[in-house]
Protein chains: 2
Amino acid sequence: MTAQAVQERIYNFSPGPATMPLSVLQQVQDELLCLPGSGCSIMEMSHRDKTFLDILHAAENGIRSLLNVSDDYAVLFLQGGARLQFSMIAANLLRGQSGKAQYLVTGSWGKSAVAEAVKEGPTEVIWDGKADNYNNIPSDADYSVDPSAAYLYYCSNETIQGVQFQTEPTAPQGVPLICDSSSDFLCRPVDIEKYGILYACAQKNAGPAGVTVTVIRKDLLERSQAELPGYLNYKNHADNDSEWNTPPTFAIYVLGKVLNWLRDDIGGLQAMQDVNREKAALLYDLIDQYPEFYIGHAAPGCRSLMNVTYKLPSDELQSAFLTQAAKHNLGSLKGHRSVGGIRASIYNAMPREGVAALADFMKDFVAQNG
Amino acid sequence: MTAQAVQERIYNFSPGPATMPLSVLQQVQDELLCLPGSGCSIMEMSHRDKTFLDILHAAENGIRSLLNVSDDYAVLFLQGGARLQFSMIAANLLRGQSGKAQYLVTGSWGKSAVAEAVKEGPTEVIWDGKADNYNNIPSDADYSVDPSAAYLYYCSNETIQGVQFQTEPTAPQGVPLICDSSSDFLCRPVDIEKYGILYACAQKNAGPAGVTVTVIRKDLLERSQAELPGYLNYKNHADNDSEWNTPPTFAIYVLGKVLNWLRDDIGGLQAMQDVNREKAALLYDLIDQYPEFYIGHAAPGCRSLMNVTYKLPSDELQSAFLTQAAKHNLGSLKGHRSVGGIRASIYNAMPREGVAALADFMKDFVAQNG
């Protein structure tokens, strides 16, 4: 049964929810009816049970250890995905402040974040890649941050467009840097001390849908006002160690196993970055080799390690590409409806063999159709 | 491995997350590495994949069919638990209305709901069971609802106190009735047409933590104002069939299997209520038989089918009860810290054998200590 199920698995390039480490899924499966020593499934266990609290704290410590997060930061496990963070960030950090929020918009998710922020207070977009169809990332010289801004916000990797900041923007002293890292969380080392908030929904690079990790510098919690809806108040969650209400226990449990895999099987974030660079190069090399057949979306200097986006010369070729790829067990390669084309999401858990199989297919396909 | 895991399972009386049907857990386990025909785990599948959309729609139809929900209502799958609903209900249904919100408070959860509503608009508690330590439920004659109220809110079953409305309160024509049914969802038939909103977090009676089902009459969606934080706006979720953002896919998948179990293995809500009454009677009969040893919290006319709460004559006896119960594989019986004593949560998925085992233990314990 299990061997057969493993055999039926394809290489799944879904942008999220996305492929997960097989060894993690196998552990979850093994323990599903009864978590050893607990007498019940992880899904049936009270969130106040010591066994679950140990799982919660281990997940927190896993984040702290991988990202080198000090006690100056709280690590929160929340629900509602990045979309609720769009509102929570502005509701907590902008309401009651004199400065405005400033946003860098490099793709669809940054744009959606702005749409929520404007409801909460004065919001300014200080860089927008729209004119170039979001194929680019600005450098510090391309915009100017107000030193009295409430915060500077950006999305480190735009899943839909496939553009990624190679390094974080510089925020002036005193302006918290806020990062939506949903689709490149834990894909490489990060200097967390540069951030006020770094957050990510789990379902791309860290676990199943239904849990969002928010790393927040504790001094920022003082901005949260008591009249906020309780669930939207970061301080409530921080004061109660993510147990202000029942957290998504199963999703946190799986996330914890992904963190262990990253530490033990991969060897941490530097090793992960090395693997991710190798994987991405397999595809970008083909885009560079056949620039008129595989037409990359992202400008070369801001290509994403996680989402490789390109078009083929015609809709017919794109359809044929997707159909034939599926026959080679290469799935979910269709680009987002707003951009079209092909998108190969090659998150941490996508094995090198999967990317190599896609690269081989791309070589064959261009040989036959190019 | 599987047989051993089944053997290690205890009777788990946790108030939530809570025991689930073993057959559901076994199905989830079987399919965990690869959902048949899909090439990946349910956790790895895009929420826009047709396979997942079928699962989502089947879960919606499962709710519609069990509760007899017409097309006048939307069925939403949300995150953030009951706590976020406390805010969303008031934010959507009270803001911009001329009437005030009116609340019946019969325990801890009703009280917490009021604490969020007051942030959103004029809120009035028209009945509060505090004087009797929340051991009671009002009848319609005990309070008066303003015919121009924005809504009338109640919690059908207070998990912590173990008191349950035997039938829903009567709201005047034009006043939507709002019900937090988190801990007695699907435990008995309900006349859904009487409700404006009926909602429940899943982790007590319907699935794992991380998903909340909100059944809302569609005309009420017109009250939702565009300036609400996007995730808090019911209309966004209804207009996008619960896919305004990535829903908690795994939790919805498991919930769907629980709905199937309820329909196929139990036979629907009337059959479920019959079983629940039988199970609860096993414990309440002992409370009636030994009223000075097992001191019931709830007044007899409002005893919960789901959470049976009682005290023993001394703290020492309570400790001994819990310790010895654990040795009989009867777990998570400790009452909530705010009430103390014993709480046996006997949700839908608790088998009759589990309740019988607890009743047998209670008989032995009173024989030895009473």
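Relative accessible area sorts residues into buried (under 20%), exposed (over 50%) and partly exposed (in between), with a 1.4 Å probe and protein chains only. This is a predicted model, in which local features need pLDDT of at least 70 and side-chain atom pairs count only at pLDDT 80 or more, whereas totals for chains, interfaces and linings use all residues. Residues are numbered from 1 along each chain as its sequence is written, chains are lettered from A in the order in which they are written, and side-chain values use heavy atoms, with hydrogens and water left out.

Figure 1. A:R48 is located in the loop that joins α2 (22–31) to α3 (50–67) of chain A; helices (H or I, at least four residues) and strands (E, at least two) are DSSP runs, numbered from the N terminus. With a relative accessible area of 40%, A:R48 is partly exposed. Leaving aside residues up to four places away in sequence, A:R48 is in contact (heavy atoms within 4.5 Å) with A:L53, A:E243 and B:R337.

**Figure 2. The interface of chain B and chain A.** Contacts join 64 residues of chain B to 64 residues of chain A. The buried area, meaning the accessible area (1.4 Å probe) that two parts lose on being put together, summed over both, is about 4900 Å² here, and carbon and sulfur atoms give 60% of it. B:L33, B:M43 and B:E44 account for 16% of the area that chain B buries against chain A, more than any other three residues.

**Figure 3. Polar and charged pairs across the interface of chain B and chain A.** Two salt bridges are found across this interface, a salt bridge being a side-chain nitrogen of Lys or Arg within 4 Å of a carboxyl oxygen of Asp or Glu. One salt bridge joins A:R9 to B:E44, with the closest N and O atoms 2.8 Å apart. On the side of chain B that touches chain A, the elements giving two or more residues are α1 (2–8), α2 (22–31), α4 (81–93) and α7 (249–266) of chain B. The largest share, six residues, comes from α2(B). By class, this side of chain B has 30 nonpolar, 23 polar and 11 charged residues; Ala, Val, Leu, Ile, Met, Phe, Trp, Tyr, Cys and Pro count as nonpolar, Asp, Glu, Lys and Arg as charged, and the others, Gly among them, as polar.

**Figure 4. The salt bridge of A:E168 and A:K194.** Over all chains the count of salt bridges comes to 32. In the pair of A:E168 and A:K194, the closest N and O atoms are 3.3 Å apart. The pair links distant parts of the chain, 26 residues apart: A:E168 is in the loop between β7 (163–164) and β8 (177–180) of chain A, and A:K194 in the loop between β8 and β9 (197–201) of chain A. A:E168 is buried at 14% relative accessible area, whereas A:K194 is partly exposed at 46%.

**Figure 5. Two salt bridges within chain B.** B:E124 and B:K100 form a salt bridge through their side chains (3.3 Å, N to O). B:E124 belongs to strand β4 (residues 123–128) of chain B and B:K100 to the loop between α4 and β3 (101–105) of chain B, so the pair ties together parts that are 24 residues apart in sequence. B:E124 is partly exposed at 29% relative accessible area, and B:K100 is partly exposed at 31%. The side chains of B:R303 and B:D288 also meet in a salt bridge (2.8 Å, N to O). Here B:R303, in the loop between β11 (295–296) and β12 (307–311) of chain B, is linked to B:D288, in helix α8 (residues 269–289) of chain B, 15 residues apart. B:R303 is buried at 15% relative accessibility, while B:D288 is partly exposed at 45%.

**Figure 6. Surroundings of A:L312.** A:L312 lies in the loop between β12 (307–311) and α9 (315–327) of chain A and is buried, with 5% relative accessibility. Beyond residues up to four places away in sequence, A:L312 touches A:F293, A:Y294, A:I295, A:L317, A:Q318, A:F321, A:I342 and A:F365.

How values were computed
A polar contact is a pair of N or O atoms within 3.5 Å; within protein, one must be able to donate a hydrogen and the other to accept it, and residues adjacent in sequence count only if both atoms are side-chain atoms.
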